[in-house]
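The exercises below are to be worked with the sequence and the coordinates open. Each task is followed by a solution in steps.

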Amino acid sequence: MKLRFLNLPIAIALLLTLSGCYDRLDMEEAAFTLVLGFDLDENGDLIIYSSIPAFNKNAKKKTQETIIHAPSPRAGRNKAAIRAIGVFQPRKLQVIVLSKHLVENKQEWFRYLDVFFRDGRNPLTSRVMVFDGQLRDLFKYQPKDKPILPLQLISLQESVNSSSLGVETTLQELQRTILDKGQTPALPQINLDSELQLSRTALLNHEGRYTASLTMNETMLLRMLQKKLRLTN
Amino acid sequence: MKPYALNDITLMQYIMLINGMSVSFGFIEIPGMMATKVGTDGWITILISGLITMAASFITIQLMKKSPHGTLFDLLKQKFGTWAGRAAAILFALYFLLYAYDGLIYTVRLIKGRMLMETPAFLIMLMLLLPTYTIVRNGLRIVGRYAEFAVFISLWIPLVYMYTVKHLHVLYLLPILKGGWQPVLSAVPGTLFYYLGFVSSIILYPFIKHQKKAPIALLIANSLSILSYLSITLICTMFLSPDEATIIHQPAIYVLKSIELSFIEQVEGLFIAFYAFIFSLSWIPPLYFTVFCLSWVMGRADHRIPLRLILFMIGTSSIFYIPTYDELEKISIWLGESGIAIEYAAPSCLIALLWIYGRVKTERNQL
């Protein structure tokens, strides 16, 4: 081949245009939102809570909580980006907590979650929970002998799920059941007395509005109907 | 003596070429289309249109049996003169070019929409065109080998979908035929689009090593396409509730979002990246067929010259203009309609034409 001598310059030129790691993101600089909370204030406007683990050595508290008043989650994300210590990352989102007040009173609140379905890189396996009370209390709750809030919520969910005492609902599941005429959407319901507990199951109608709660025993029967009963003992 | 003997392909390569061309992006699109047009009975439509395709591809083989040592264009040239062959070659070149363009744009749009959102589309196009050139310029045997490689390296796909089994609800499939046969049958013509590609037999036939087994190879290739469409459609219908299925974009990818593995997140991103091999079969073989037709028109000239020209044109045009998803859908509809004419109708018409021609000739000889 006559053109063989061109191979090396072309290879070098291509190598130089490789993107490499210029846009990498170190863990310390990222703000991984692990828990997001949606609540309404007295005027019926949206408040977004988020809990972000702090990987910084000097930070005394292990998580950073932010409270944002915003008309929609997308607008809230922009506001959060200004205030969080790093680049705002929704991709590790583990739990979405909705206040019972919001689920009961806000029309079409499910649209707030639309943004997770729209961006192709967001996870849809985040667990959705209903919190009976004001979210402010939940995000403040940080006893010294307990792990950070995201871990507490996740382990709570896992333990009730493995013993069939509560339901486990991902974002995908929630959308499926809300749009399915033949099945009642159910969300695990947590409350905070002296401790965080997941003792009930919230039932929604097909607009997504809260209608009733099931007790622990009733939840077991629900799981039996769903054919999702796990008999561990 | 076979004129194309130097470049012959094995039966396996033939199977993978036909199967790869038809499945490619249909795998992503077909569950959504079935859900909106048919509802939960989409799998019946897929079976019916698959059987029609099977029949149509056997007709194509019957046509090609008349010309074991040359392509369809050689046959037409021999029977009806040079210009008939050239006209057919140009027609098929245009058809395969449209086929390849549709596949390329679909892949660029999907990769840009789901993975490389910040990367300009023409860079993604460039990234896809470079390997395309290196494969296509080497001729049919390399294209065949590539098709074989691409299908075999993608055999893990069914395994990934096994992870979704625990989220499936068999009840969503029942009752079967709840809307009657009408919606099921009315969606058949639109579904044929996803089976296009088998008409490449008119070029591939003289290259096949064991031509007697070509019908069996087609049977296997079409069964593989039907099987992959059936499985993905059944999975998506059982995963999504019936009303939800009509509003979800690309359910085949949405379903994968339910998978949680402890060592990797975003399984669907990995899936798209590796699935690009299968996507590439929707433009690499058709591009080869396009340049084959063009070089045939020019008297078997070097096929790399039209190839460079076409790739250059696609590449530069992508800097200025790349169809949006909606425009892409329009292109797909054109392709589907011309595909039904060229792949399903044309071969049987040609057989009839050749038969009448043969009768007229023998009668003339008897007189």
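Helices (H or I, at least four residues) and strands (E, at least two) are DSSP runs, numbered from the N terminus. The model is predicted: local features need pLDDT of at least 70, side-chain atom pairs count only at pLDDT 80 or more, and totals for chains, interfaces and linings use all residues. Residues are numbered from 1 along each chain as its sequence is written, and chains are lettered from A and ligands numbered from 1 in the order in which they are written.

**Exercise 1. State the confidence values for the complex and for chain B.**

Step 1. For the complex, the predictor gives an ipTM of 0.83 and a pTM of 0.87.
Step 2. pLDDT is the predictor's confidence in each residue, from 0 to 100. Its average over chain B is 89, and 99% of the residues score at least 70.

**Exercise 2. Describe the overall dimensions of chain A and compare its radius of gyration with that of a compact globule.**

Step 1. Count the elements: chain A has eight helices and ten strands.
Step 2. Along the principal axes, the C-alpha atoms of chain A fill a box of roughly 80 × 45 × 40 Å.
Step 3. The radius of gyration is taken over C-alpha atoms, and the globule rule is 2.2 Å times the number of residues to the power 0.38. For 233 residues a compact globule would come out near 17 Å, whereas chain A has 22 Å.
Step 4. A residue is buried if 20 or more other C-beta atoms lie within 10 Å of its own, exposed if 12 or fewer, and partly exposed in between, with C-beta atoms placed from the backbone. By this count, 32% of the 233 residues of chain A are buried.
Step 5. Two residues are in contact if their C-beta atoms, placed from the backbone, lie within 7 Å. Among contacts in chain A with a separation of 6 or more, 62% are between residues 24 or more positions apart.

**Exercise 3. Give the strand order of the eight-stranded sheet in chain A and find its edges.**

Step 1. Two strands pair if DSSP finds at least two bridges between them. The order is 4-3-2-6-7-8-9-10, in an open sheet with mixed pairing.
Step 2. Strand 4 (63–69) and strand 10 (210–214) of chain A each have a single partner strand, so each has one side without a neighbour in the sheet.
Step 3. On average, and with direction ignored, neighbouring strands are turned by 30 degrees against each other.
Step 4. Axes are lines fitted to C-alpha atoms, for helices over the stretch in contact, and angles run from 0 to 180 degrees between N-to-C directions. Helix 6 (residues 149–162) of chain A lies across several strands, including strand 9 (196–204), to which it runs at about 70 degrees.

**Exercise 4. Work out the surroundings of strand 6 of chain A.**

Step 1. Strand 6 (residues 95–99) runs parallel to strand 2 (residues 35–40) of chain A, joined by four bridges. Strand 6 also pairs with strand 7 of chain A in the parallel sense, over five bridges.
Step 2. Take Val97(A): Gly37(A) stands opposite this residue, and its bridge partner in strand 7 is Met129(A).
Step 3. In a regular strand the side chains alternate between the two faces of the sheet. Here Val95(A), Val97(A) and Ser99(A) point one way, and Ile96(A) and Leu98(A) the other.
Step 4. Five of the five residues of strand 6 are buried, so the strand is largely enclosed by the rest of the structure.

**Exercise 5. Is Ile235(B) buried or exposed, and which residues does it touch?**

Step 1. Ile235(B) is in helix 12 (residues 214–239) of chain B.
Step 2. It is buried, because it has 21 C-beta neighbours inside 10 Å.
Step 3. Not counting residues up to four places away in sequence, Ile235(B) touches Tyr161(B), Thr164(B), Leu168(B) and Val255(B).
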